[in-house]
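Thanks for asking me to look this over. Here are my notes, point by point, to read beside the model.

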Amino acid sequence: MKMRPLKARDVAPYLFIAPFFVLFLVFGLFPLGFSIWLSLHQWDPAAGLAAMRWVGFENYWYALTDPWFHKSLYNTLWFAIVSGLPQHLLALPLAYFINRRLKRTRNAVVGAYFLPYITSSVAIALIFSTLLSKDYGVINAVLAELTRVPLLGTLMPAESIDWLGQAAYTKPAVAFVVFWRFLGWNVVLYLSALQVIDKDLFEAATLDGAGEWQQFRYITLPLLKPMMFFAVTLTLIGNLQLFEEPFILVDIEKGVSQSVMTTAIFMYRLAFSDGDFGTASAVSWLLFIVIALLTWLNSRLFGRQVGGEHAAR
Amino acid sequence: METAPMSMKLVTLALLVPLSATLLAPAQAQQKTTLTVATFPDLDRAAKAAVPAWNKQYPNVELKIVSLQYADHHTAMTTALATGSGLPDVMALDLRFIGKFAESGGLEDLAKPPFNGLALREQFVRYTYTQATSSTGALAAMPTDIGPGTLLYRKDIIDKAGVTEADLTRDWASYIAAGKKIKAATGAYLLADAADLRDIALRAGLKDGEGIYFDAKGQVLVDSPRFVRAFELGREARQAGLDAKATSWTNEWAAGFKQSRIATQMMGAWLTGHLKNWLAPDTAGKWRSANLPGGLYGSYGGSFYAIPKKAAHKPEAWDFIRFMTANKDTQLNSLRVLDTFPALIAAHQDPLMDEPIAFLGGQKARLLWRDIAAKVPAIPVSKYDAVATDIIRDEFEKVVAEGKDIKTALADAKSLITRRARR
């Protein structure tokens, strides 16, 4: 059988999609595979590629038994819960309120909430480190003013708080910034899900005598479940990979920086300050396993009816 | 079947032609050798200032100075060494990275021919060569500037508190006692961060050849008495409220100097230039420089030049390094433009040393710094110094903030450092 000769036209489509695959291969797949390979080696990069030495799973064992790794995992989970949970507990009612009550101002309000999400995290961290500054920060200045208010004043701290310099405050301060930043994103997610819920359902419920709370509880919430699953999954993944905010807000040269050391920061320190790229790669894969596990758990929690019930439209 | 390779070939050709054109163009355009120097601010200003003199002496070698921010530069150099590509001919290195890079084996041993860098040893401040030498005895880099450790203090503030310079420097107990007086009389903090005190005090009694964290056999030393003493002193300063809790190079730290809330700072002599140029220009004339308290001699930082093994123009690179480091005129010029202290001893004999420094109220401080430089012990650096510093910093924080017992903290630090430095 004679094959039809290939024409340039046949090759063209492959060429057009080639850039993506080439870039993905070079910047996506290769680093991924190489980091697995690397995690089984001991390697100080300054010594060149030839210095790689096979150590098998020793890096994984080393990481798993490291006190700093434990601490970083604890910090990461702490952030995931303390900054993640309020995001959803607040975003959900907020989106509901915006959807029901705001008409003309809706886009402006949503835009305002969404703004932090699209702002550079470095800019955000810099602004917050100015706000939270111990001696020159606006927040401490406001607290100092409040001490003059009778009654309320007695509840306020007498001394200025070192938000980013004292272990008791660094975590909540960083968690707040993360919460503030991603609240708007979740509001937008929930709002988009709310907008596709059929209005007839609410009208029918009103006719049946259901109050606002009952409508929220028995119509809105169940129909939002797929979106909740999606939003919580994104928060989970994002928070477990948390790096920028704690890294910039609490200078790594500060003694307290360990109080906000997430697993991603620990990985960075292992690689770029200790020069131990093998263990850093192992830590990144351990982190991946944790994320995969929790995402799976989350899907068990929310995911059962995903898809099925969305037919309410 | 035959048309397919043909069209593929055309495509490949179409992709390759512009690529090769851009690759070949610069090579054809010039006959002069281009020497690439990778460096970082402010050190890059020294190299840039040396360009006119270099061009006069070496008209056939053009300098290409590539400067990245401090951290980016060292990361870029790590990556370049890892992959063996994109390496410059000359690599500037900060002291903090010397240990790591010296051990890597990616840098030329400048002690060997054709460089024979050891022949120049006597010309440089003695401790610099120890810092630049790896554990296997390779000379990984040449020193260009040094940071003799000094106590910078605000004369106006200590005068107001009735404290003298001798009170500050006699010993650590006296330094802390003076700090209490200063706090009571003026409200100013003795120092920016108790960690600064810990960092320098733990070098007490170090002799030539002894490491800060590791001994010659690689044993971890952090549970030795000098660490206990340093931790106690740091804790005492923190508990007495003598430090502003401001980490170096943060906004709080800079503001502390601007607003005259910090009375003293222990640092390399080069800090004077930073104070003058941007940290606290308005406090000119109010600062003085003194020896570190407790008869201690130490150094802060320092810059070096190295040649990667894969550099393309090694003879020219060596010419450049000698031109920057072993040439008295270049060294003095760097002192003028950068306020960095020369590593070359010949430069220390220049009349420029006697010049009064206006920012320090006309004090002839360079003479003091020269004496300090000569007395700093030659302490070898280890590639794990950075790791040890991190761990000690964290344990110290636990001691001052959470009331952790010092002995326990240092024992924990020791086991963690031993663990990290396992290979």
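1. Across the interface of chain B and chain A, 15 residue pairs are in polar contact, both residues having pLDDT 80 or more. A polar contact here is a pair of N or O atoms within 3.5 Å; within protein, one must be able to donate a hydrogen and the other to accept it, and residues adjacent in sequence count only if both atoms are side-chain atoms. On the side of chain B that touches chain A, the elements giving two or more residues are α1 (3-29), α3 (70-83), α4 (95-104), α11 (251-258), α16 (385-402) and α17 (406-420) of chain B. Of these, α16(B) supplies the largest share, 8 residues. Sorted by class, that side of chain B has 13 nonpolar, 10 polar and 15 charged residues. The classes are Ala, Val, Leu, Ile, Met, Phe, Trp, Tyr, Cys and Pro as nonpolar, Asp, Glu, Lys and Arg as charged, and the others, Gly among them, as polar.

2. Before going further, a word on conventions: this is a predicted model, in which local features need pLDDT of at least 70 and side-chain atom pairs count only at pLDDT 80 or more, while totals for chains, interfaces and linings use all residues. Residues are numbered from 1 along each chain as its sequence is written, chains are lettered from A and ligands numbered from 1 in the order in which they are written, and side-chain values use heavy atoms, with hydrogens and water left out. Helices (H or I, at least four residues) and strands (E, at least two) are DSSP runs, numbered from the N terminus.

3. How much do the two chains bury between them? The figure is about 3,500 Å², with 48% of it on carbon and sulfur atoms; buried area is the accessible area (1.4 Å probe) that two parts lose on being put together, summed over both. In contact terms (heavy atoms within 4.5 Å), 38 residues of chain B meet 42 residues of chain A.

4. The rule asks for a side-chain nitrogen of Lys or Arg within 4 Å of a carboxyl oxygen of Asp or Glu. The structure holds 33 of them over all chains, and 7 are between chain B and chain A. One pairs Arg419(B) with Asp66(A), at 3.1 Å from N to O. Another salt bridge links Asp44(A) to Lys383(B), with the closest N and O atoms 3.3 Å apart. Asp44(A) sits in the loop between β1 (41-42) and β2 (53-54) of chain A and Lys383(B) in the loop between α15 (365-375) and α16 of chain B, so this pair joins two chains.

5. Buried means under 20% relative accessible area, exposed over 50%, and partly exposed in between (1.4 Å probe, protein chains only).

6. Two salt bridges within single chains are also worth a look. Glu245(A) and Arg181(A) meet at 2.8 Å, N to O. The pair links distant parts of the chain, 64 residues apart, with Glu245(A) in helix α11 (residues 244-249) and Arg181(A) in helix α8 (residues 167-195) of chain A. Glu245(A) is buried at 3%, and Arg181(A) is buried at 9%. In chain B, Asp199(B) pairs with Arg198(B), the closest N and O atoms being 3.3 Å apart. Arg198(B) is buried at 2%, while Asp199(B) is partly exposed at 26%. Elsewhere, salt bridges that share partners join Glu253(A), Arg269(A), Arg96(B), Asp390(B), Arg393(B) and Asp394(B) into one network.

7. Asn298(A), in helix α13 (residues 277-302), is buried at 6%, and its side chain makes a polar contact of 2.9 Å with that of Thr233(A). Asn99(A), in helix α3 (residues 67-101), is buried at 16%. Leaving out residues up to four places away in sequence, Asn99(A) touches Arg106(A), Leu191(A), Leu194(A) and Gln195(A).

8. Finally, chain A as a whole. Chain A has 13 helices and 2 strands, and 43% of its 313 residues count as buried.
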